[in-house]
Amino acid sequence: MHRIPITVSLLLAAAALALSLAACGERAPEPEIKPPAPPISARGNPARELDGMRRHVPVDVEITPLPMARVENFDRTRERAYPMQPPTIPHSIDGYQVDLNSNRCMLCHARSAAASFQAPPVSVTHYMDRDDQFLAEVSPRRYFCVQCHVVQTDAQPLVANGFMDIDAVLRSERPQ
Ligand code: HEC
Ligand code: HEC
């Protein structure tokens, strides 16, 4: 069996040490700073752009909050985007309680109260149970109004919206 002379092995060890030190000393190349990635949009659909929610501010930068939006209180019916859309609430609902014991919305929107408040009564669907039976009271599944009906604010949309009304779709498809 060959025995490596002690001097040679010492030399080899020293060389290995020097090499590894050199490797450590050499700093890893700086990561290339890339320009911010374009907004994540699914198939070019700006409505699904996620980054827009942060107004394109990187996650490690604190964002200046937008001023608080005001609830629109115009008392005017808004256009519905499709026939079965729950209409948006055209008045403010601050402090309107809806819980087990009372439903402030029904104070005005119940069939029996609507006339005295000049409010549109909830439609007949709100009295139907899931078997399409008509109940005397508002159906439990329509009890929590803000599940479906929402107020609108004057906030600017954070992401673009390419929604087209069905009438506009039909019009665009019709031969000129
Ligand atoms: C003090 C009476 C009153 C109360 C309480 C009330 N509303 Fe109204 N609501 C009205 C009146 C009146 C209108 C008609 C438009 C207007 O004058 O604001 C209306 C309109 C609406 C509309 C629009 C209907 C349409 O066809 O466009 C919705 C939806 C609505 N209210 C939902 C609610 C919900 C949900 C609540 C409870 C959180 C509520 N309202 C509480 C009086 C009331
Ligand atoms: C599960 C969703 C849902 C809930 C909960 C709900 N609604 Fe509606 N609402 C709708 C839809 C959808 C429409 C439009 C189609 C229709 O009339 O069913 C509507 C219509 C209305 C309208 C307009 C009626 C008309 O004839 O133009 C009023 C007013 C209204 N809702 C008030 C209320 C109130 C008040 C509550 C709570 C007691 C409530 N809704 C709960 C879905 C809901």
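**Exposure, loops and ligand shells**

Reader: Does aspartate 132 count as buried or exposed, given its C-beta neighbours inside 10 Å?

Author: Aspartate 132 has 7 C-beta neighbours inside 10 Å, in a model that is predicted. The cut-off for an exposed residue is 12 or fewer such atoms. Because its 7 neighbours fall under that cut-off, aspartate 132 counts as exposed.

Reader: Is aspartate 75, which has a positive phi, buried or exposed?

Author: Aspartate 75 is another residue other than glycine with a positive phi, here of about 60 degrees, and it lies in the loop between H1 and H2. Within 10 Å it has 8 other C-beta atoms. Since a residue with 12 or fewer falls in the exposed class, aspartate 75 is exposed.

Reader: Which residues are the closest to ligand 1?

Author: The shell around ligand 1 holds 20 residues, which divide by class into 13 nonpolar, five polar and two charged. The closest of the 20 are Asp75, Pro87, Cys105, Cys108 and Cys145.

Reader: From which helix does the largest share of the shell around ligand 1 come?

Author: Five residues of the shell around ligand 1 belong to one helix, and they form its largest share. That helix spans residues 104-109 and is H2.

Reader: Which residues come nearest to ligand 2?

Author: Ligand 2 also has 20 residues around it, and by class this shell has 12 nonpolar, seven polar and one charged. Those that come nearest are Pro86, Ser123, Thr125, Cys145 and Cys148.

Reader: Which residues does asparagine 103 touch, not counting those up to four places away in sequence?

Author: Asparagine 103 lies in the loop between helix H1 (6-25) and H2, and it is partly exposed, with 18 other C-beta atoms within 10 Å. Its C-alpha atom is separated by 7.9 Å from that of tyrosine 143, a residue 40 positions away along the chain. Leaving out residues up to four places away, asparagine 103 touches Val98 and Tyr143.

Reader: What percentage of the residues in the protein chain is buried?

Author: The protein chain has four helices and zero strands, so that its elements run α-α-α-α from the N terminus. Of its contacts with a separation of 6 or more, 43% join residues 24 or more positions apart. Among the 176 residues of the chain, the buried share is 3%.

Conventions. Residues are numbered from 1 along each chain as its sequence is written. Chains are lettered from A and ligands numbered from 1 in the order in which they are written. This is a predicted model: local features need pLDDT of at least 70, side-chain atom pairs count only at pLDDT 80 or more; totals for chains, interfaces and linings use all residues. A residue is near a molecule or strand if its C-beta atom, placed from the backbone, lies within 6 Å of it. Helices (H or I, at least four residues) and strands (E, at least two) are DSSP runs, numbered from the N terminus. Ala, Val, Leu, Ile, Met, Phe, Trp, Tyr, Cys and Pro count as nonpolar, Asp, Glu, Lys and Arg as charged, and the others, Gly among them, as polar. A residue is buried if 20 or more other C-beta atoms lie within 10 Å of its own, exposed if 12 or fewer, and partly exposed in between; C-beta atoms are placed from the backbone. Two residues are in contact if their C-beta atoms, placed from the backbone, lie within 7 Å.
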